[in-house]
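Subject: A structure for you to explore

Hi there,

Here is the structure I promised to pass on. Please open it beside this email and follow along as you read.

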Amino acid sequence: MAMEENLGHEQRQVRLNKLRALESKGINPYPHAFKPTATSATLSQKYAQLPSDTQTEDVVLVAGRVRAIRNSGMFMDVYDVTGKVQIYTSKEHSDSSVLEMLDMIDIGDMIGIQGTVRRTKRGELSVNTQQITMLAKALLPLPEKFHGLTDTDTKYRHRELDMIMNDETIKTFIKRSKIYESIRQLLLSKGLLEVETPILQAVKGGAAAKPFITHHNTLDMDLFLRVAPELFLKRLVVGGLPGVFEFAKDFRNEGIDTTHNPEFTCLELYIPYMDYNDMADLFEEIVRKACLDVNGTLEIDYDGKHFDLSQPFARVTMNDMIKKYTGVDFMAIESDEQARIEAEKLAVHVDETDDWGHCMAAVFEEKCEEHLIQPTIVMDHPKSLNPLCKTHRTEPRLVEQFEPYINGKEMGNAYSELTNPLDQRERFEEQVAAREAGDEEADMMDDDFVQALEHGLPPTGGMGIGIDRLVMFLTGNTSIRDVLAFPTMRKK
């Protein structure tokens with residue numbers, strides 16, 4: 001390690017010397033602007049039919065990062081966001097200013113080139129240098145070319161290096177942006193409005209999760225980083241908006257693994273006069289459109305499995321899944337005690353205070369989730385787990401809730417939203433009791449939200465989709481850290 005540090009220090013000093021040499025010649029190594037007229041992609045498209053060994057008189061300006069230098073600078077590979085441009089500099093035909101600049105260039109530098117377009121005898125499209133402009137002198141070397149960036153800590157802590165060295169990383173984040181665009185276009189076309197709600201909240205609500213707590217000095221009060229935007233979004237529907245959605249940054253004080261990060265993005269949307277069946281239709285539509293928009297196909301391979309998203313997503317009840325994989329019919333179990341006994345028989349640990357609904361959910365999580373590989377919408381969940389959802393219209397112990405699963409992972413959550421303010425207050429009171437009994441994830445009483453419901457919330461369908469998990473699936477990544485530009489890291 002000491003040898004690597006010394007080498008890095010020596011290389012930085014060499015680059016600093018070059019920077020000072022540029023400045024001594026009156027050249028600003030960090031200019032204010034440069035205006036490229038072409039990219040790798042536009043050059044490839046425009047000159048696709050240019051024959052080998054052909055020189056044009058077309059002058060272009062290109063810019064990017066130097067990733068390779070060959071033959072003492074005669075050839076350089078310069079990368080922009082669309083790909084590689086080969087730069088050719090003839091030492092016999094270039095003036096002294098170009099050659100002097102060539103000596104100042106290191107791998108990793110950002111440069112701009114003015115030159116003419118040609119295709120070499122070997123058929124590679126190139127730009128013949130007329131002028132070189134230093135755009136940003138890199139003082140630190142890039143990771144070694146052939147091994148790239150293999151240290152995962154550096155990869156996530158210094159995403160900029162990962163993006164420079166790994167083209168697939170760039171593609172992932174371009175696709176992530178396109179997924180947002182796809183979803184946004186769809187929801188706007190349906191008449192929904194994109195809105196913003198508070199991240200700092202006085203009451204923790206909207207999801208069963210342990211929050212982060214901060215303190216506002218002027219108000220001298222504790223505030224929660226939101227675990228979900230749900231309650232504020234539904235208040236906007238009470239106010240008369242035709243339907244709302246938000247790409248919400250949420251925060252939950254939970255563990256970190258391949259599908260969890262303390263800071264994450266969730267799409268939440270609420271549409272009046274709909275229920276959870278409508279939300280199931282919309283979930284399928286969102287996933288299909290996003291996949292088609294970013295991948296150009298509805299058939300993709302992910303984690304060693306093939307998915308054909310053109311097929312209808314399976315819709316099943318939680319109880320039917322449990323019966324299928326364990327043989328136990330929870331709807332035939334009448335008491336909490338018997339539910340705990342059946343869970344323990346299946347080697348599913350439950351607490352002695354867990355009720356029927358918590359036992360049912362625990363069995364489903366441990367015995368069923370891993371089997372839900374193809375897109376599956378799991379409907380009709382236990383009522384005691386969800387204080388914000390309408391009671392099922394035929395089964396009073398259940399609520400009209402579904403969770404969609406793909407590749408054994410939960411992708412979201414949706415409800416026929418609870419609109420009865422009296423029922424809502426009772427549910428919150430039950431949550432408060434659970435919180436006082438030690439459940440840090442239970443909701444709090446939100447009097448402002450209940451008051452809003454007393455003014456009348458129409459029948460409403462609501463849904464949340466984990467954007468990070470959806471991006472993982474649509475970009476072929478199996479860790480959430482690979483789709484977050486800067487995942488949460490332990491302090492060095």
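First, some ground rules. This is a predicted model, in which local features need pLDDT of at least 70 and side-chain atom pairs count only at pLDDT 80 or more, while totals for chains, interfaces and linings use all residues. Residues are numbered from 1 along each chain as its sequence is written, and side-chain values use heavy atoms, with hydrogens and water left out.

**Two helices**

Helices (H or I, at least four residues) and strands (E, at least two) are DSSP runs, numbered from the N terminus. I call a residue buried if its relative accessible area is under 20%, exposed if over 50%, and partly exposed in between (1.4 Å probe, protein chains only).

Start with helix 7, residues 230-238, where Glu230, Leu231, Leu233, Lys234 and Val237 are buried. These residues fall within an arc of 160° seen down the axis, so they line one face of helix 7. The arc is that of the directions from the helix axis to the C-beta atoms. Among the elements that cover the buried residues of helix 7 are strand 10 (244-251), strand 11 (263-272) and helix 12 (421-436); contact here means heavy atoms within 4.5 Å. After helix 7 comes Gly240, with a positive phi near 115°.

Now look at helix 9 (residues 318-326), in which Met318, Asn319, Met321 and Ile322 are buried. Their arc around the axis is only 160°, which puts them on the same side of helix 9. They pack against strand 14 (314-317), helix 11 (356-367) and strand 15 (376-382). Gly327 follows helix 9, and its phi is positive too, near 85°.

**Aromatic rings**

How many aromatic pairs does a search of the whole structure find? There are 8. Rings of Phe, Tyr and Trp (its six-membered ring) pair if their centres lie within 6.5 Å; planes under 30 degrees apart count as stacked, over 60 as edge-to-face and the rest as tilted.

One of the pairs is Tyr302 with Phe473, edge-to-face at 5.3 Å centre to centre and 75° between the planes. Tyr302 sits in strand 12 (residues 299-302) and Phe473 in helix 14 (residues 467-475), so this pair links distant parts of the chain, 171 residues apart. Tyr302 is buried at 7% relative accessible area, and Phe473 is buried at 2%.

Phe364 and Tyr405 also make an edge-to-face pair, with centres 5.8 Å apart and planes at 75°. Phe364 lies in helix 11 and Tyr405 in strand 16 (residues 398-406), so the pair ties together parts that are 41 residues apart in sequence. Elsewhere, ring pairs join Tyr180, Phe245 and Phe247 into a cluster.

Charges can sit over rings as well (NZ of Lys or CZ of Arg within 6 Å of the ring centre and within 35 degrees of the ring normal). Arg397 lies over the face of Trp356, 4.0 Å from the ring centre, and the charged end of Arg288 sits over the ring of Phe313, 5.0 Å from its centre.

**Cysteines**

The structure holds 0 disulfides, a disulfide being a pair of cysteine sulfur atoms within 2.5 Å. Cys291 is buried, with 0% relative accessible area.

Enjoy exploring!
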